[in-house]
Amino acid sequence: MKMTAQIVDAEFVRSHIGKTPIVDVRPKAMYDEGHIPTAIDICVMDFDRFGPTEAEELAKEYRRHALTEEGPMIVYCQIGKHAKQACDLLESQGFHNMYLYSGSFDDWTSDPSRPIEK
């Protein structure tokens with residue numbers, strides 16, 4: 001099955017701040033230390049405890065934040081691994097039009113001109 005999330009870079013993310021929902025899937029403590037401006041905190045690892053219903057529960061949480069199956073949304077984590085996991089789980093629940101920032105926060109912070117919100 002082909003992943004529907006498009007891989008994007010920092011310039012794409014920067015140009016979409018305030019225009020497209022951005023989701024930070026890292027733990028809250030990491031989010032609180034700094035995140036991409038306007039990002040919503042929905043930690044994908046919080047849903048590991050649901051086992052077989054993990055994807056369904058994660059999708060419910062996204063909908064609770066007014067994120068829909070039609071998207072669009074940008075998803076990132078620290079290095080890209082958990083962002084891809086979140087996209088895969090959401091895709092299994094019918095979400096599409098997702099953008100995966102594969103470099104994620106490590107890439108974002110590699111350029112000091114990129115803004116960070118706390």
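Two strands pair if DSSP finds at least two bridges between them; helices (H or I, at least four residues) and strands (E, at least two) are DSSP runs, numbered from the N terminus. By that rule S4 and S5 are joined by three bridges and run parallel. This is a predicted model, in which local features need pLDDT of at least 70 and side-chain atom pairs count only at pLDDT 80 or more, while totals for chains, interfaces and linings use all residues. Residues are numbered from 1 along each chain as its sequence is written, and side-chain values use heavy atoms, with hydrogens and water left out.

**Sheet**

- The five strands form an open sheet in the order S1-S5-S4-S2-S3, with parallel pairing.
- Strand S1 (6-8) and S3 are the edge strands, each pairing on one side only.
- Strand S2 (residues 22-24) pairs with strand S4 (residues 73-76) in the parallel sense, over three bridges.
- On the S5 side, the bridge partner of Ile74 is Tyr99.
- Met73 and Val75 point one way from S4, Ile74 and Tyr76 point the other way, and all are buried (under 20% relative accessible area; exposed is over 50% and partly exposed is in between, with a 1.4 Å probe and protein chains only).

**Helix H4 and its surroundings**

- H4 packs on the sheet, where it touches S4 and strand S5 (98-101), and its direction makes about 165° with that of S5.
- Axes are lines fitted to C-alpha atoms, for helices over the stretch in contact, and angles run from 0 to 180 degrees between N-to-C directions.
- The axes of helix H3 (residues 54-64) and helix H4 (residues 81-91) come within 8 Å and cross at roughly 95°.
- H3 and H4 are therefore roughly perpendicular to each other (65 to 115 degrees; under 35 counts as roughly parallel, over 145 as roughly antiparallel and the rest as oblique).
- Glu54, Ala55, Leu58, Ala59 and Tyr62 of H3 make the contact with Gln85, Ala86, Leu89 and Leu90 of H4, contact meaning heavy atoms within 4.5 Å.
- By class, the contact of H3 with H4 has seven nonpolar, one polar and one charged residues; Ala, Val, Leu, Ile, Met, Phe, Trp, Tyr, Cys and Pro count as nonpolar, Asp, Glu, Lys and Arg as charged, and the others, Gly among them, as polar.
- The buried residues in H4 include Ala83, Ala86, Cys87, Leu89, Leu90 and Glu91, and their cover includes H3, S4, S5 and helix H5 (104-108).

**His35**

- His35 sits in the loop between helix H2 (28-33) and strand S3 (40-41), and is buried, with a relative accessible area of 4%.
- A polar atom of the His35 side chain lies 2.9 Å from the backbone oxygen of Tyr31.
- Not counting residues up to four places away in sequence, His35 touches Asp24, Arg26, Tyr76, Phe105, Ile116, Glu117 and Lys118.

**Backbone details in loops**

- The peptide bond from Gly71 to Pro72 is cis, with omega near 0°; Pro72 is in the loop between H3 and S4.
- Thr38, in the loop between H2 and S3, has a positive phi of about 75° although it is not a glycine.
- Thr38 is partly exposed, with a relative accessible area of 39%.
- Asn97, in the loop between H4 and S5, is not a glycine either, yet has a positive phi of about 65°.
- Asn97 is partly exposed, with a relative accessible area of 30%.

Definitions and conventions. Polar contact = N/O pair within 3.5 Å; in protein donor to acceptor, adjacent residues only side chain to side chain.
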